[in-house]
Amino acid sequence: NINLPRFFDPIIPNTFTIDKAGTWRIWISDKSGQTASGTIQAYSINSELSDGITSIAAMEDATQLSDFALYGTPITYFATIDHHFENLHLYANTTEITLGNTYEITSDIQLTAKCSPKSFTIRFVTGVETEASEPISEPSQTKIYRELLDEPPARYRKGKIIEGWYLDLSDESTRWDFTTCIVDTDKILYA
């Protein structure tokens, strides 16, 4: 929105900073002393990121989302989510934005990013006890990221009670604590 006089040869600064939303009036001078003025409209970008989103940015190599954008600026949004999450959706106000496509800023926007935790399956193997050497198992459990497992009921195997569940039977330190250990991947627990 700048009207330049005829034969205007502007001296344009390398950079200038817009640090808040609103209408900005700018003046430009040329080498002969002529001046021109105009306005720039800047809009605010507020963001709300759900759990699991590690970053959202307006450029692929950026690490942070800007708080402001100029009117008509085409912005391409990129997002990074934790590998334990899926189904990322990004909205500008109520319009869903396709990541990697451009979105033109024409008003203040509320940027909302949402994703959901992945589900993981945990199998419980009590041992090899059949003639066909197939493992005997408890029913598996499917839980979402960061949920606790339900401890299977105490069972007997060859007259002995199962005293614990382990990620690795040869390593006592891998005993699963059903009150603190969270699900973060598919697992097999052994009795």
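Three salt bridges were counted in the predicted model. One of them pairs aspartate 51 with arginine 146, with 2.4 Å between the closest N and O atoms. Aspartate 51 sits in the loop between β3 (35-49) and β4 (53-57), and arginine 146 in the loop between β13 (135-144) and β14 (156-157), so this pair ties together parts that are 95 residues apart in sequence. Arginine 146 is partly exposed, at a relative accessible area of 39%.

A further salt bridge links lysine 143 to aspartate 150, where the closest N and O atoms are 3.1 Å apart. Lysine 143 has a relative accessible area of 14% and is therefore buried, the cut-off being under 20%. Aspartate 150, by contrast, is partly exposed, at 47% relative accessibility.

Lysine 187 and aspartate 184 also form a salt bridge, with a separation of 3.0 Å between the closest N and O atoms. Lysine 187 counts as buried, at 17% relative accessibility, whereas aspartate 184 is partly exposed, with a relative accessible area of 30%.

Aspartate 184 is also among the residues touched by histidine 84. Histidine 84 lies in the loop between β7 (78-81) and β8 (85-92) and is buried, with a relative accessible area of 9%.

Technical notes
Residues numbered from 1 in each chain as written. Predicted model: local features only at pLDDT ≥ 70, side-chain atom pairs only at ≥ 80, totals over all residues. Heavy atoms only, no water. Helix = DSSP H or I, 4+ residues; strand = E, 2+ residues; numbered from the N terminus. Buried < 20%, exposed > 50% of the residue type's maximum accessible area, 1.4 Å probe, protein only. Contact = heavy atoms within 4.5 Å. Salt bridge = Lys/Arg side-chain N within 4 Å of Asp/Glu carboxyl O. Lists of a residue's contacts leave out its neighbours within four places in sequence.
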